[in-house]
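Student: I would like a close look at one part of this model, followed by an account of what surrounds that part. Plain wording will do.

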Amino acid sequence: MLHIKCPHCGLRSQNEFSYGGDATIKRPELNKEISDKDWDNFVYLRKSPRGKHLELWQHISGCRQWIKVERDTLTHEILKTLKANEEI
Amino acid sequence: MQKYSILNLVKEAFNKHEGWEVAWKDPNPKKEYDVIIIGGGGHGLATAYYLAKEHKITNVAIIEKGWIGGGNVGRNTTIIRSNYMHDENGLFYEKSMKLWRSMSQDLNFNVMFSPRGIINLAHSDAQMNSYSRRGNSMRLNGIDALLLNREELKKIVPMLDFSENVRFPIFGGLMQPSGGTARHDAVAWGYARQADSMGVDIIQHCEVTGFDIVNGKIKGVKTSKGEIKSKKVGLCVAGNTSVLAEMLNMTLPIETHLLQACVSEPIKPILNHVVTFGAGHFYCSQSDKGEMVMGGDLDGYNSYAQRGNLPTLQHVLTEGIAMFPFLSKLKMLRTWGGIMDMSMDGSPIIDKTHIEGLYLNCGWCYGGFKATPASGWTFAHTIAQDRPHELNTGYSLNRFSTGRLIDEKGLGTKTWIS
């Protein structure tokens, strides 16, 4: 069982959260010319590191806020949690 | 190579079984090979076997960081099927079915291929319609498919919960009678033994630490046992593809995720088929030892841990009990996890790369075991001929940027949603 410290609610079990994937992916800016390559990077390509991974989770059965979690993908250790608008 | 046969078995019985040869050797790596396959799982072993058998390329090394049979080839739930709707998948997996049928003879190793039939349950009229469409697509590709109604299902899988007042009543199911299971360890051992006998070096406990690339061409790999030269290198490392890709400065349309499976205590024969739940993600078959072999959803977050958490297992088994209420009486014997490449459209990649001489076989999601023979067969062709076979042309790396996805389930890019 993962225990995730929601920055709004405190320590909660994994059951209350749903996963939202890599938090470092940035959507291309809409009002600029966007190449196919940019869309490819944004939609499909992922680093998927073994080790530290910054990811989005939603506290869906709690405060319903999106949060950022820094987690080790090899050990499942949760290193840090942040509000969605905070940078690491 | 010593042949496995009833005659040799009897002969060895009189010899206290002391005359059996080792199944494969444990060589030190040579300085150079014609082809290096990274990853000694089912797909890597099969690739080396078909390189030697079909393309007469025998100066081949398989580099494995662990041991033969220790990765996903020994961690899956052994299901074999080709019940796909899209042509690319249907034709590819049907090639695999053909190779499965003759595998025990080809490899002189009993892989215990058991075409017992696989049944996907339907829980609504809409799902029956969708299965009917999939079944027709399968038949057009020469794959056997049977649409079963509720009464027919009652006869062949009587222990399913057919009550009227359940959340997901059973309307019927789609069956592929030629689907089934095989013994996964035997598949790895059989391919390893034959590949070794044809001259392939299987180098275990040897980890790749880097690549030697000059002017966009591969020259060799750096490993924990030294540098090994080769003009052709094939990556077959499902679960760890992104780690090797990082060494190559490549970013792939893949995330590594964790999938768990489990077996119950052994019981008397009760289930003759592979059966899957249609309102969630759960599949079940009974092993020859009598254990119920079960699996389902991914844990749902990027992971390289090869072990999972209980909430997912509980969720999956809740679906199992909804389907087979008797499962609740059984004790759990073992649970385990494996890590897999989840590609962004749910289909694999077998292709060349922008680096000359570097070939990629990855993205098998949670369906790689059944593909083992066809994956090896087509990857061997791709490496030997330096171009994909028509069976794996659709499994290209650039299909994501060009939009030619093979999205069998229509799930899109959220690989953790299963």
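Student: Which residue has its backbone oxygen 3.2 Å from a polar atom of the side chain of Arg12(A)?

Tutor: The residue is Cys9(A): its backbone oxygen lies 3.2 Å from a polar atom of the Arg12(A) side chain. Before going on, note that this is a predicted model, in which local features need pLDDT of at least 70 and side-chain atom pairs count only at pLDDT 80 or more, while totals for chains, interfaces and linings use all residues. Residues are numbered from 1 along each chain as its sequence is written, chains are lettered from A and ligands numbered from 1 in the order in which they are written, and side-chain values use heavy atoms, with hydrogens and water left out.

Arg12(A) belongs to strand β2 of chain A, residues 10–13. Strands here are DSSP runs of E with at least two residues, and helices are runs of H or I with at least four, both numbered from the N terminus. With a relative accessible area of 31%, Arg12(A) is partly exposed; buried means under 20%, exposed over 50%, and partly exposed in between, with a 1.4 Å probe and protein chains only. Apart from neighbours within four places in sequence, Arg12(A) is in contact (heavy atoms within 4.5 Å) with Leu2(A), His3(A), Ile4(A), Phe17(A) and His59(A). His59(A) is 47 residues from Arg12(A) in sequence, yet their C-alpha atoms are 9.1 Å apart in space.

Elsewhere in chain A there is a charged pair. Side chains of opposite charge can pair when their charged atoms come close. Lys37(A) and Asp40(A) form a salt bridge, with the closest N and O atoms 3.7 Å apart; the term requires a side-chain nitrogen of Lys or Arg within 4 Å of a carboxyl oxygen of Asp or Glu. The two residues are 3 apart in helix α1 (residues 36–43) of chain A, so they are separated by about one helical turn. Lys37(A) is partly exposed at 48% relative accessible area, whereas Asp40(A) is buried at 8%.

A further salt bridge leads from chain A to chain B. Glu255(B) pairs with Arg46(A), the closest N and O atoms being 3.8 Å apart. Glu255(B) sits in strand β12 of chain B and Arg46(A) in the loop between α1 and β4 (52–58) of chain A, so this pair joins two chains. Both ends are buried: Glu255(B) has a relative accessible area of 2% and Arg46(A) has 13%. The count between chain B and chain A is 1 salt bridge. Across this interface there are also 10 residue pairs in polar contact, both residues at pLDDT 80 or more. A polar contact is a pair of N or O atoms within 3.5 Å; within protein, one must be able to donate a hydrogen and the other to accept it, and residues adjacent in sequence count only if both atoms are side-chain atoms.

β12(B) gives the most to the side of chain B that touches chain A, with 5 residues. By class, that side has 13 nonpolar, 12 polar and 4 charged residues. Ala, Val, Leu, Ile, Met, Phe, Trp, Tyr, Cys and Pro count as nonpolar, Asp, Glu, Lys and Arg as charged, and the others, Gly among them, as polar. In total the contact takes 29 residues from chain B and 23 residues from chain A. The size of an interface is often given as the accessible area lost when the parts come together. Chain B and chain A bury about 2,200 Å² between them, 54% of it on carbon and sulfur atoms; buried area is the accessible area (1.4 Å probe) that two parts lose on being put together, summed over both. In chain B, Tyr301(B), Asn302(B) and Tyr304(B) lose the most area to chain A, together 26% of what that side buries.

Over all chains the structure holds 17 salt bridges. One of them joins the side chains of Asp185(B) and Arg183(B), at 3.5 Å from N to O. Arg183(B) counts as partly exposed, at 35% relative accessibility. Lys289(B), Glu291(B) and Arg334(B) are joined into one network by salt bridges that share partners.
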